[in-house]
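Subject: Handing over the structure

Hello,

Please find the structure below, together with its sequence.

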Amino acid sequence: MTSDRSIRPISPFGAEADPELILRPTDAGCRELRRMFDEQGLVVFKRLKVMSMERQMEVCRIFGPVLDNPWENMLVSNTRPDGFLGAQKLLWHHDLPYLPRPYIGGSLHALEAEAGTTTTHFASGLAAWERLPQELRAQIESRNGLHVKQKIFDQRNRLADLEPGDVCAVHAVVRHQRQTGKPYIFVSEDLTDSIIGLSPEESEALLEELFAVLYAEGVTYEHRWEVGDLVIWDNETVQHARGDVTPHARTLQRVSIADIGYTDMYPTDLGVHSDQYDATLAAGTGKTKEGVK
Ligand SMILES: [Fe+2]
């Protein structure tokens, strides 16, 4: 059993866990962490000693499978030349909803951050479903959403922006958490183009209503980074966003929880079968121009 104080609820959703649970893991402690991950979708550890990527991958394996390749695991940084995503604002999104199998989870670990200057926001689709009026639930229960490739980060991505070779995927608007079976809303400001089967006007109006519930003031969690913090979230029930992260230095080490990797679902994005094959991006993924190593 874990003590009552090892995992504490945080407001408005999620849990803060005692670092001991990962420094000296026990079967009971790991079960409790997984339970909070499934039920709340967000687990926060504050001010850990800075971890290597390998150690962060080990911790994430408490929650699910982790693939050892550079598409799923990377640095998100506005200072490092080898970092991704720069300083731009990112709208609310899940990671990879435009592929058949979005990541199971994500994690970020702060390597560089001036305390209190930089944040990431999280919104719960589980909690949003709980708040949704019955009439709105009935409107979306049998609907599917169209999710499009992320090509721009600070404004909505739409079907009309896609180019030849780009991808999109269809997912139910109301999905069910893998372990608990609880319903959650799966649409996002950034990557949901539309709700299928409605007119463009009806779809936009319904999405606006859902966004208003998902992102309402007071229902999202804003994590204010300090070096050593680790946040792990369920990427299906919880979505994330960030504001403009300039001018403060920020480097977060990112590890994904996934059973199928980006390049397995979308190998053509590396140009594996084309003349534009990008060996640099493919390094470590097991993909070569000839196929799989
Ligand atoms: Fe993301």
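A residue is called buried if 20 or more other C-beta atoms lie within 10 Å of its own, exposed if 12 or fewer do, and partly exposed in between. By that rule Arg47 counts as exposed, because it has 12 C-beta neighbours inside 10 Å. Please bear in mind throughout that this is a predicted model.

Let me begin with the chain as a whole. It has eight helices and 19 strands, and its C-alpha trace spans about 55 × 55 × 40 Å along the principal axes. For a chain of 293 residues, a compact globule would have a radius of gyration near 19 Å, and the 19 Å found for this chain agrees with that. Buried residues make up 41% of the 293 residues. If you look at the contacts in the chain with a separation of 6 or more, 78% of them are accounted for by residues 24 or more positions apart.

Next, please look at helix H2, which takes in residues 27-40. Its 14 residues reach 20 Å from the first C-alpha to the last, close to the 20 Å expected at 1.5 Å a residue. Which residues of H2 are buried? They are Gly29, Leu33, Met36, Phe37 and Gln40, and because they cover an arc of only 105° around the axis, they lie on the same side of H2. The face turned away from that buried side carries the exposed residues Asp27 and Ala28. What covers the buried residues includes helix H1 (20-23) as well as the strands S1 (7-9), S2 (15-17), S3 (42-45) and S15 (230-234). Just after H2, Gly41 takes a positive phi of about 80°.

One of the sheets can be followed strand by strand. It is an open sheet of three strands in the order S10-S9-S13, with antiparallel pairing. Its edge strands are S10 (168-172) and S13 (192-195), each of which pairs on one side only, and neighbouring strands of this sheet are turned by 25° against each other on average, direction ignored. Strand S9 (residues 144-148) and S10 pair in the antiparallel sense over five bridges, and Asn144 stands opposite Ala172 in S10.

Some details of the backbone also deserve a careful look. Most residues other than glycine have a negative phi, and most peptide bonds are trans. Arg47, in the loop between S3 and helix H3 (53-60), has a positive phi near 50°. Leu96, in the loop between strand S6 (90-93) and strand S7 (105-113), has a positive phi too, near 65°. Is Leu96 buried or exposed? Leu96 is buried, because 25 other C-beta atoms lie within 10 Å. The peptide bond from Ser11 to Pro12 is cis, with omega near 0°, and Pro12 is found in the loop between S1 and S2.

Finally, Pro247 is found in the loop between strand S16 (238-242) and strand S17 (250-257), where it counts as exposed because it has 9 C-beta neighbours inside 10 Å. Pro247 and Thr117 are 130 residues apart in sequence, while in space they are 9.1 Å apart, C-alpha to C-alpha.

Methods: Residues numbered from 1 in each chain as written. Predicted model: local features only at pLDDT ≥ 70, side-chain atom pairs only at ≥ 80, totals over all residues. Pairing = 2+ DSSP bridges. Helix = DSSP H or I, 4+ residues; strand = E, 2+ residues; numbered from the N terminus. Axes fitted to C-alpha atoms, helices over the stretch in contact; angles between N-to-C directions. Expected span 1.5 Å × (residues − 1). Arc of directions from axis to C-beta. Contact = placed C-beta atoms within 7 Å. Rg over C-alpha atoms; globule rule 2.2 N^0.38 Å.
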